[in-house]
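Here are some notes to read with the model open beside you. Take the points in order and find each spot as you go.

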Amino acid sequence: MSLGLLDIPGLLLGPIDSALAAIKMPTLLRLLGWGWLSGYAGMWIYRRFSPQQRIAEVRTMLADVQKQLASYDGEFSGLLPLIRKQFSLAMRQLRLTTAAALLAALPILLMLPWISNTFSERNPAPGESIMLCAEPAQAATQWQWNGRALATDAEGCQQVDWPEITQPLQLKEGSITLLQLPLSAPAGIVHKRHWLNVLVGNPAGYLPEQARTSSIRLHLPYREFIPIGPSWMRGWEAVYFLSALVVSLWLRWRWKLN
(Lines give C-alpha, C1' and ligand atoms only; values in the text may rest on other atoms or scores of the structure.)
Protein backbone atom coordinates (compact mmCIF):
# COMPACT_ATOMS: atom_id res chain seq x y z
CA MET A 1 0.00 0.00 0.00
CA SER A 2 1.24 3.47 -0.87
CA LEU A 3 0.08 5.85 1.84
CA GLY A 4 -2.08 8.89 1.18
CA LEU A 5 -1.74 12.04 3.24
CA LEU A 6 -4.74 11.14 5.41
CA ASP A 7 -3.29 7.67 6.05
CA ILE A 8 -0.27 9.05 7.94
CA PRO A 9 -2.04 9.20 11.35
CA GLY A 10 -2.64 5.46 10.99
CA LEU A 11 1.10 4.90 11.36
CA LEU A 12 0.68 5.95 15.00
CA LEU A 13 -2.88 4.73 15.63
CA GLY A 14 -2.30 1.25 14.22
CA PRO A 15 0.46 0.20 16.66
CA ILE A 16 -1.50 1.64 19.59
CA ASP A 17 -4.61 -0.32 18.60
CA SER A 18 -2.52 -3.47 18.12
CA ALA A 19 -1.04 -3.03 21.59
CA LEU A 20 -4.52 -2.67 23.09
CA ALA A 21 -5.65 -5.78 21.22
CA ALA A 22 -2.60 -7.65 22.54
CA ILE A 23 -3.75 -7.03 26.12
CA LYS A 24 -7.17 -8.48 25.22
CA MET A 25 -9.12 -5.21 25.17
CA PRO A 26 -12.39 -5.98 23.33
CA THR A 27 -12.71 -4.56 19.83
CA LEU A 28 -15.98 -2.78 20.71
CA LEU A 29 -14.31 -1.04 23.65
CA ARG A 30 -11.38 0.04 21.49
CA LEU A 31 -13.73 1.45 18.88
CA LEU A 32 -15.68 3.35 21.54
CA GLY A 33 -12.38 4.70 22.84
CA TRP A 34 -11.35 6.02 19.43
CA GLY A 35 -14.73 7.72 19.10
CA TRP A 36 -14.32 9.23 22.57
CA LEU A 37 -10.84 10.51 21.67
CA SER A 38 -12.10 12.06 18.42
CA GLY A 39 -14.98 13.80 20.19
CA TYR A 40 -12.76 15.09 22.99
CA ALA A 41 -10.08 16.38 20.63
CA GLY A 42 -12.66 18.09 18.43
CA MET A 43 -14.35 19.91 21.31
CA TRP A 44 -11.01 20.92 22.83
CA ILE A 45 -10.03 22.48 19.49
CA TYR A 46 -13.40 24.24 19.25
CA ARG A 47 -13.07 25.67 22.77
CA ARG A 48 -9.47 26.76 22.11
CA PHE A 49 -10.08 28.54 18.80
CA SER A 50 -13.64 29.87 19.04
CA PRO A 51 -14.21 33.39 20.47
CA GLN A 52 -16.60 32.26 23.19
CA GLN A 53 -17.14 35.69 24.76
CA ARG A 54 -18.03 37.33 21.44
CA ILE A 55 -20.32 34.43 20.53
CA ALA A 56 -22.09 34.75 23.89
CA GLU A 57 -22.62 38.50 23.33
CA VAL A 58 -24.07 37.91 19.86
CA ARG A 59 -26.36 35.15 21.17
CA THR A 60 -27.64 37.47 23.90
CA MET A 61 -28.40 40.21 21.37
CA LEU A 62 -30.03 37.66 19.06
CA ALA A 63 -32.26 36.39 21.86
CA ASP A 64 -33.36 39.98 22.65
CA VAL A 65 -34.27 40.59 19.01
CA GLN A 66 -36.23 37.34 18.85
CA LYS A 67 -38.18 38.35 21.95
CA GLN A 68 -38.99 41.70 20.32
CA LEU A 69 -40.17 39.89 17.20
CA ALA A 70 -42.34 37.51 19.22
CA SER A 71 -44.03 40.37 21.09
CA TYR A 72 -44.25 42.83 18.18
CA ASP A 73 -47.77 44.01 17.42
CA GLY A 74 -47.31 47.03 15.18
CA GLU A 75 -47.13 48.01 11.53
CA PHE A 76 -45.32 45.78 9.06
CA SER A 77 -42.88 48.58 8.26
CA GLY A 78 -41.65 48.44 11.84
CA LEU A 79 -41.10 44.69 11.60
CA LEU A 80 -38.57 44.83 8.77
CA PRO A 81 -35.72 46.40 10.80
CA LEU A 82 -36.11 43.69 13.44
CA ILE A 83 -35.99 40.96 10.78
CA ARG A 84 -32.88 42.52 9.22
CA LYS A 85 -31.20 42.78 12.62
CA GLN A 86 -32.04 39.15 13.43
CA PHE A 87 -30.59 37.98 10.11
CA SER A 88 -27.46 40.11 10.61
CA LEU A 89 -26.83 38.72 14.09
CA ALA A 90 -27.43 35.15 12.94
CA MET A 91 -24.87 35.59 10.14
CA ARG A 92 -22.39 37.13 12.58
CA GLN A 93 -22.77 34.15 14.89
CA LEU A 94 -22.21 31.82 11.94
CA ARG A 95 -19.01 33.66 10.96
CA LEU A 96 -17.69 33.49 14.52
CA THR A 97 -18.24 29.73 14.82
CA THR A 98 -17.48 28.42 11.31
CA ALA A 99 -13.67 28.47 11.40
CA ALA A 100 -13.47 26.80 14.82
CA ALA A 101 -16.11 24.22 13.84
CA LEU A 102 -14.12 23.28 10.73
CA LEU A 103 -10.96 22.90 12.80
CA ALA A 104 -12.89 20.77 15.30
CA ALA A 105 -13.72 18.30 12.52
CA LEU A 106 -10.02 17.60 11.88
CA PRO A 107 -9.63 14.79 14.46
CA ILE A 108 -12.43 12.78 12.84
CA LEU A 109 -11.16 13.57 9.34
CA LEU A 110 -7.65 12.41 10.21
CA MET A 111 -8.82 9.27 12.01
CA LEU A 112 -11.54 8.21 9.55
CA PRO A 113 -9.38 6.52 6.85
CA TRP A 114 -7.57 4.38 9.41
CA ILE A 115 -10.78 3.55 11.31
CA SER A 116 -12.52 2.51 8.09
CA ASN A 117 -9.62 0.36 6.87
CA THR A 118 -9.21 -1.31 10.28
CA PHE A 119 -12.80 -1.99 11.32
CA SER A 120 -14.83 -2.37 8.08
CA GLU A 121 -14.21 -5.77 6.47
CA ARG A 122 -12.31 -8.86 7.52
CA ASN A 123 -10.52 -11.48 5.49
CA PRO A 124 -12.62 -14.67 5.20
CA ALA A 125 -11.60 -17.92 6.84
CA PRO A 126 -9.76 -20.38 4.58
CA GLY A 127 -12.29 -22.28 2.48
CA GLU A 128 -14.99 -19.61 2.84
CA SER A 129 -16.52 -18.63 -0.51
CA ILE A 130 -16.72 -15.02 -1.66
CA MET A 131 -17.79 -13.24 -4.83
CA LEU A 132 -15.42 -11.06 -6.85
CA CYS A 133 -16.94 -8.82 -9.52
CA ALA A 134 -15.14 -7.08 -12.37
CA GLU A 135 -15.68 -3.64 -13.83
CA PRO A 136 -16.26 -3.79 -16.75
CA ALA A 137 -18.06 -7.10 -16.43
CA GLN A 138 -16.62 -8.49 -19.70
CA ALA A 139 -13.09 -8.31 -18.27
CA ALA A 140 -13.81 -11.22 -15.91
CA THR A 141 -13.97 -13.61 -18.85
CA GLN A 142 -10.20 -13.21 -19.18
CA TRP A 143 -9.45 -13.98 -15.53
CA GLN A 144 -7.44 -16.99 -14.51
CA TRP A 145 -6.77 -18.19 -10.98
CA ASN A 146 -3.42 -19.98 -10.77
CA GLY A 147 -3.86 -20.73 -14.48
CA ARG A 148 -7.46 -21.98 -14.11
CA ALA A 149 -10.57 -20.21 -15.44
CA LEU A 150 -13.74 -20.06 -13.33
CA ALA A 151 -17.39 -19.64 -14.32
CA THR A 152 -18.42 -16.01 -14.78
CA ASP A 153 -22.01 -14.77 -14.43
CA ALA A 154 -23.67 -12.03 -16.48
CA GLU A 155 -22.57 -9.35 -13.99
CA GLY A 156 -18.90 -10.26 -14.31
CA CYS A 157 -18.74 -12.05 -10.94
CA GLN A 158 -16.88 -15.20 -9.97
CA GLN A 159 -17.14 -17.29 -6.81
CA VAL A 160 -13.80 -18.13 -5.20
CA ASP A 161 -12.86 -20.14 -2.11
CA TRP A 162 -10.56 -18.11 0.12
CA PRO A 163 -7.12 -19.78 0.21
CA GLU A 164 -4.70 -20.63 2.98
CA ILE A 165 -1.82 -18.20 3.47
CA THR A 166 0.59 -20.96 2.48
CA GLN A 167 -1.35 -21.66 -0.76
CA PRO A 168 -2.12 -18.23 -2.28
CA LEU A 169 -4.36 -17.70 -5.30
CA GLN A 170 -2.99 -15.41 -7.98
CA LEU A 171 -5.46 -13.69 -10.30
CA LYS A 172 -4.23 -12.88 -13.79
CA GLU A 173 -5.74 -11.20 -16.83
CA GLY A 174 -3.77 -12.80 -19.62
CA SER A 175 -0.15 -12.21 -18.61
CA ILE A 176 -0.99 -9.32 -16.25
CA THR A 177 -1.14 -10.07 -12.52
CA LEU A 178 -4.13 -8.29 -10.96
CA LEU A 179 -3.99 -9.38 -7.31
CA GLN A 180 -3.24 -12.25 -4.98
CA LEU A 181 -5.41 -13.81 -2.29
CA PRO A 182 -5.21 -13.56 0.68
CA LEU A 183 -4.95 -9.78 0.36
CA SER A 184 -2.25 -7.93 2.26
CA ALA A 185 -5.09 -6.09 4.06
CA PRO A 186 -8.90 -6.41 3.84
CA ALA A 187 -10.43 -4.15 1.19
CA GLY A 188 -13.85 -4.20 -0.42
CA ILE A 189 -12.51 -2.92 -3.73
CA VAL A 190 -9.21 -2.95 -5.60
CA HIS A 191 -8.92 -0.47 -8.46
CA LYS A 192 -6.48 1.41 -10.60
CA ARG A 193 -4.73 4.27 -8.89
CA HIS A 194 -6.33 7.71 -9.31
CA TRP A 195 -5.70 11.20 -7.98
CA LEU A 196 -7.81 10.77 -4.82
CA ASN A 197 -5.32 8.17 -3.64
CA VAL A 198 -2.90 11.02 -2.97
CA LEU A 199 -5.19 11.69 0.02
CA VAL A 200 -6.35 8.17 0.91
CA GLY A 201 -4.55 5.04 -0.23
CA ASN A 202 -6.03 1.61 -0.84
CA PRO A 203 -4.74 -0.84 1.80
CA ALA A 204 -4.80 -3.72 -0.69
CA GLY A 205 -2.85 -1.91 -3.41
CA TYR A 206 -3.84 -1.13 -7.00
CA LEU A 207 -4.51 -2.78 -10.33
CA PRO A 208 -1.96 -2.34 -13.12
CA GLU A 209 -2.71 0.57 -15.46
CA GLN A 210 -2.43 -1.64 -18.56
CA ALA A 211 -5.11 -4.08 -17.34
CA ARG A 212 -8.53 -4.18 -18.98
CA THR A 213 -10.11 -4.62 -15.54
CA SER A 214 -10.55 -1.17 -14.00
CA SER A 215 -11.77 -2.39 -10.59
CA ILE A 216 -12.55 -5.56 -8.67
CA ARG A 217 -15.19 -5.57 -5.96
CA LEU A 218 -14.66 -8.18 -3.26
CA HIS A 219 -17.70 -9.15 -1.20
CA LEU A 220 -15.78 -9.64 2.03
CA PRO A 221 -17.55 -10.33 5.35
CA TYR A 222 -18.47 -7.05 7.06
CA ARG A 223 -17.50 -6.76 10.70
CA GLU A 224 -20.39 -6.28 13.16
CA PHE A 225 -19.96 -4.99 16.70
CA ILE A 226 -23.58 -4.77 17.89
CA PRO A 227 -25.54 -8.05 17.73
CA ILE A 228 -29.01 -6.48 17.51
CA GLY A 229 -30.77 -3.86 15.41
CA PRO A 230 -30.74 -3.09 11.67
CA SER A 231 -27.60 -3.90 9.68
CA TRP A 232 -26.56 -0.24 9.33
CA MET A 233 -26.33 0.03 13.13
CA ARG A 234 -24.12 -3.01 13.63
CA GLY A 235 -20.93 -1.80 11.95
CA TRP A 236 -18.15 0.50 13.11
CA GLU A 237 -19.87 3.65 11.83
CA ALA A 238 -22.69 3.70 14.40
CA VAL A 239 -20.38 2.82 17.30
CA TYR A 240 -17.65 5.32 16.42
CA PHE A 241 -19.80 8.31 15.48
CA LEU A 242 -22.25 7.79 18.37
CA SER A 243 -19.35 7.67 20.82
CA ALA A 244 -17.85 10.85 19.35
CA LEU A 245 -21.26 12.59 19.38
CA VAL A 246 -22.08 11.69 23.00
CA VAL A 247 -18.68 12.91 24.23
CA SER A 248 -18.98 16.11 22.18
CA LEU A 249 -22.43 16.93 23.56
CA TRP A 250 -21.34 16.18 27.11
CA LEU A 251 -18.25 18.43 26.80
CA ARG A 252 -20.32 21.19 25.22
CA TRP A 253 -22.52 21.10 28.33
CA ARG A 254 -19.62 20.60 30.74
CA TRP A 255 -17.55 23.46 29.33
CA LYS A 256 -20.64 25.63 28.64
CA LEU A 257 -19.66 26.23 25.02
CA ASN A 258 -21.62 28.42 22.66
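1. Before anything else, keep in mind that this is a predicted model.

2. While you're on α3, check its length. The helix runs over residues 52-71, 20 residues in all. From first C-alpha to last it reaches 29 Å, close to the 28 Å expected at 1.5 Å a residue.

3. Next, jump to helix α6, which spans residues 236-254 and holds Ser243. Is Ser243 buried or exposed? Buried counts as under 20% relative accessible area, and Ser243 has 11% relative accessibility, so it falls in the buried class. Setting aside neighbours within four places in sequence, its contacts are Leu32, Gly35 and Trp36.

4. Ser248 is another α6 residue to look at. Its relative accessible area is 18%, so Ser248 is buried too under that 20% cut-off. Leaving out residues up to four places away in sequence, Ser248 touches Gly39 and Met43.

5. Gly33 gives you a handy distance to check. This glycine sits in helix α2 and, at 34% relative accessibility, counts as partly exposed. Gly33 and Ala244 are 211 residues apart along the chain, yet their C-alpha atoms are separated by 8.9 Å.

6. On to the largest pocket, which has about 270 Å³ of space. Its lining is made up of 16 residues, and those nearest the centre are Ser116, Asn117, Val200, Gly201 and Pro203. Two elements give two or more residues each to that lining: α5 (106-119) and β6 (189-191). The largest share, three residues, comes from α5.

7. What classes of residue make up the lining of the largest pocket? There are nine polar residues, six nonpolar and one charged.

8. Have a look at the backbone in the loops as well. The peptide bond from Glu135 to Pro136 is cis, with omega near 0 degrees; Pro136 is placed in the loop between β1 (129-135) and β2 (143-145). Another cis bond runs from Leu181 to Pro182, where omega is near -5 degrees. You'll find Pro182 in the loop between β5 (176-181) and β6.

9. Finally, two residues with positive phi. Lys24 has phi near 70 degrees, a positive value in a residue other than glycine. Lys24 belongs to the loop between α1 (10-22) and α2, and its relative accessible area of 70% makes it exposed. Asn146 isn't a glycine either, and its phi is positive at about 50 degrees. Look for Asn146 in the loop between β2 and β3 (157-161); with a relative accessible area of 49%, Asn146 is partly exposed.

Technical notes
Residues numbered from 1 in each chain as written. Predicted model: local features only at pLDDT ≥ 70, side-chain atom pairs only at ≥ 80, totals over all residues. Heavy atoms only, no water. Helix = DSSP H or I, 4+ residues; strand = E, 2+ residues; numbered from the N terminus. Buried < 20%, exposed > 50% of the residue type's maximum accessible area, 1.4 Å probe, protein only. Contact = heavy atoms within 4.5 Å. 1 Å grid on protein atoms, 1.4 Å probe; cavity = no way out; pocket = protein on both sides within 12 Å on 5 of 7 lines; lining within 4 Å. Points joined across faces, edges and corners; volume = space filled by probe spheres on them. Nonpolar A, V, L, I, M, F, W, Y, C, P; charged D, E, K, R; others polar. Expected span 1.5 Å × (residues − 1).
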